[in-house]
Amino acid sequence: MQFNKPPLSLDDQLDRLIQRGLTVPDRQRALHYLRHLNYYRLGAYWLPFEAEHQTHRLRPGTTLDDVLNLYVFDREFRLLVMDAIERIEVSIRTCWAYHMAHTHGPHCHLDPALFKSPHRSWRYEERLRALEGEVRRSQETFIRHLSTTYDEPLPPIWALVEIMTFGQLSQWYANTRQRRDRNSVAREYDFDESVLTSVLHHLSTVRNQCAHHARLWNREFTFLPKLPKKRPAAVLDTLSSGASRRIYNTLTLMLHLMDVVNPHHHWRERLIGLIDRHAIDVAEMGFPDDWRDRPLWTMHCPK
């Protein structure tokens with residue numbers, strides 16, 4: 001079947017929404033938002049207000065501000081999640097590079113014996129060539145200095161990690177051959193290596209969603225992180241067994257990592273404040289009813 005629907009003008013888009021029950025007190029203001037926010041993009045945010053999905057009729061009294069409130073929350077939520085992922089990523093880079101350099105030498109990444117045998121998703125030579133490409137493209141002064149001053153084909157590991165993507169970092173950590181090396185890093189966060197490996201993989205997909213401005217608020221994730229079973233106690237008591245594929249457990253794991261990376265952070269308070277300011281129904285994000293009473297959410301940052 002061929003797609004034969006014509007594109008709608010901004011006025012036609014707005015008329016369709018009004019016909020479906022959207023209250024629009026200021027037509028010009030509504031057209032302004034449709035001009036700058038794709039109708040198709042906004043569609044995900046008026047879905048919760050539908051009274052009947054088949055006809056797309058909206059609940060009586062639904063306003064454009066109701067839809068925009070949810071949209072703005074999701075945009076600010078993505079930025080907040082990205083802020084935490086940045087700090088977590090920088091910490092993982094530091095811990096992994098420090099351990100590998102002190103245990104196996106500054107150019108440990110050039111020794112294939114330190115990494116797992118090739119398999120479908122990991123081939124050491126391909127990953128090494130990818131890093132060589134990152135070095136060639138890099139405009140960082142320190143990378144240029146190291147590349148032109150020394151004979152080794154790649155800079156030392158503590159410099160190289162600074163130009164790795166989060167996805168590359170996740171893969172190099174996951175494919176570090178010796179479990180004791182992976183555990184040495186994971187124990188910094190009171191995790192087992194298998195948990196940290198899975199969490200990093202998952203967070204790299206979350207980061208990509210945020211970087212591409214994709215909806216995050218009620219997203220169902222395909223790949224879920226492995227949850228710890230023995231420790232830390234506060235994490236175990238805060239995780240939700242009924243969170244489905246939504247983001248609640250991800251936020252719990254991120255909050256624990258933030259507490260390790262920067263015990264004086266205010267990310268917890270900023271997230272709770274954002275939820276309250278926009279009056280968000282967090283059930284859409286997999287939050288349990290009693291989430292505010294669970295250990296990690298009731299902790300307060302030291303003054």
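The model is predicted, so local features need pLDDT of at least 70 and side-chain atom pairs count only at pLDDT 80 or more, while totals for chains, interfaces and linings use all residues. Residues are numbered from 1 along each chain as its sequence is written, and side-chain values use heavy atoms, with hydrogens and water left out.

R78 and D74 form a salt bridge (a side-chain nitrogen of Lys or Arg within 4 Å of a carboxyl oxygen of Asp or Glu). Their closest N and O atoms are 3.1 Å apart. The two residues sit four residues apart in helix α4 (residues 64-104), about one helical turn. Helices are DSSP runs of H or I, at least four residues, numbered from the N terminus.

The count of salt bridges comes to 19. E162 pairs with R93 at 3.2 Å between the closest N and O atoms. This pair links distant parts of the chain: E162 lies in the loop between α7 (157-160) and α8 (166-174), and R93 in helix α4, 69 residues apart. E162 is partly exposed, at 38% relative accessible area. R93 is buried, at 12%.

E284 forms a salt bridge with R246, with the closest N and O atoms 3.7 Å apart. E284 is in the loop between α13 (267-277) and α14 (295-298), and R246 in the loop between α11 (233-238) and α12 (248-261). E284 is partly exposed, at 30% relative accessible area. A network of salt bridges links D11, D15 and R27.

How values were computed
Buried means under 20% relative accessible area, exposed over 50%, partly exposed in between (1.4 Å probe, protein chains only).
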